[in-house]
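Hi everyone, thanks for coming. Let me put the structure up on the screen, and then we'll walk through some of its contacts together.

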Amino acid sequence: MIVQETHLKGCFIIEPTIFRDERGYFMEAFNLAKFCEVIGSEVQFVQDNESFSRRGVVRAFHRQLGSHAQAKLVRVLSGSVLDVAIDLRENSGTFGQHVSVELSCKNKKQLYVPRGFAHGFLALSDTVNFFYKCDNYYQKESEQGIIYNDPTLNIDWNFPENEMILSQKDQKLPTFKELFS
């Protein structure tokens with residue numbers, strides 16, 4: 001397994017070791033002991049989620065607040081996405097900064113998004129099966145989000161905005177400045 005910490009402390013890109021032969025491939029997608037060792041902290045995932053999206057769907061940017069904050073380990077089972085994590089930890093040296101990485105069924109990369117981050121993705125392929133583990137249970141009343149095209153964050157989606165598909169809820173999310181002014 002190759003693990004690379006991004007410029008956002010505690011946020012990691014993880015590439016599993018893949019064993020290929022004439023039958024196909026095998027990989028260990030998750031091992032709690034190894035995972036905790038490489039990220040340098042204990043994590044206990046309690047919930048697995050999966051979503052299906054078509055090309056152009058944006059699911060962004062969400063996080064859980066307070067005692068319901070969630071760390072996530074995200075990956076793509078089929079298709080590809082541009083995955084983005086934003087550091088919203090106000091005491092962090094990288095507060096307001098983001099990292100983006102292409103996750104796909106081909107590259108098998110995973111992104112570990114720690115608590116205090118907002119997370120989202122854009123479906124790049126015709127269809128996407130997206131899978132993620134959470135270390136805390138979802139609580140609707142604790143959800144918060146930021147609009148996907150926030151001018152302060154200036155995320156480069158490298159995708160035509162007129163082809164993006166958002167839920168009504170995500171279209172109404174506040175800006176970074178509205179949350180942190």
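E143 and K169 form a salt bridge, with their closest N and O atoms 2.8 Å apart. By salt bridge I mean a side-chain nitrogen of Lys or Arg within 4 Å of a carboxyl oxygen of Asp or Glu. This pair links distant parts of the chain, with E143 in strand 13 and K169 in helix 2 (residues 168-171), 26 residues apart. Helices (H or I, at least four residues) and strands (E, at least two) are DSSP runs, numbered from the N terminus.

Before I go further, a word on what you are looking at. This is a predicted model, in which local features need pLDDT of at least 70 and side-chain atom pairs count only at pLDDT 80 or more, while totals for chains, interfaces and linings use all residues. Residues are numbered from 1 along each chain as its sequence is written, and side-chain values use heavy atoms, with hydrogens and water left out.

The cut-offs are under 20% relative accessible area for buried, over 50% for exposed, and partly exposed in between (1.4 Å probe, protein chains only).

How many salt bridges does a search of the whole structure find? The count is 7. One that I like joins R115 to D135, where the closest N and O atoms are 3.0 Å apart. R115 sits in the loop between strand 10 (110-113) and strand 11 (117-123), and D135 in the loop between strand 12 (127-134) and strand 13 (143-145), so the pair ties together parts that are 20 residues apart in sequence. R115 is partly exposed at 38%, whereas D135 is buried at 15%.

**A glutamine among these loops**

Please find Q70, in the loop between strand 6 (58-64) and strand 7 (72-78). Its relative accessible area is 8%, so Q70 is buried.

**A hairpin**

Now for strand 3 (residues 18-21) and strand 4 (residues 24-27), which run antiparallel and are joined by 4 bridges. Two strands pair if DSSP finds at least two bridges between them. These two form a hairpin with 2 residues between them, and R20 has Y25 as its bridge partner in strand 4. Also here, the side chains of D21 and R23 meet in a salt bridge at 2.5 Å, N to O. D21 is partly exposed at 33%, and R23 is exposed at 73%.

**Into the cores**

A nonpolar core is a set of buried Ala, Val, Leu, Ile, Met, Phe, Trp, Tyr and Cys residues joined through side-chain atoms within 4.5 Å. The largest has 21 residues, and V58, F61, Y148, W157 and M164 touch the most other members. Strand 6, strand 8 and strand 11 are the elements that give two or more residues to this core. Apart from it lies another core, of 20 residues, among them V113, F121, A123 and C134.

While we are on strand 8 (residues 80-87), look at I86 there. I86 is buried, with a relative accessible area of 0%. The C-alpha atoms of I86 and A118 are separated by 5.1 Å, although the two residues are 32 apart along the chain.

**Aromatic pairs**

The whole structure has 10 aromatic pairs. F35 and Y112 make an edge-to-face pair, 5.2 Å centre to centre with 75° between the planes. For these pairs, rings of Phe, Tyr and Trp (its six-membered ring) have centres within 6.5 Å; planes under 30 degrees apart count as stacked, over 60 as edge-to-face and the rest as tilted. F35 belongs to helix 1 (residues 32-39) and Y112 to strand 10, 77 residues apart. F35 is buried at 3%, and Y112 is buried at 6%. Finally, ring pairs link F30, F35, F45 and Y112 into a cluster.
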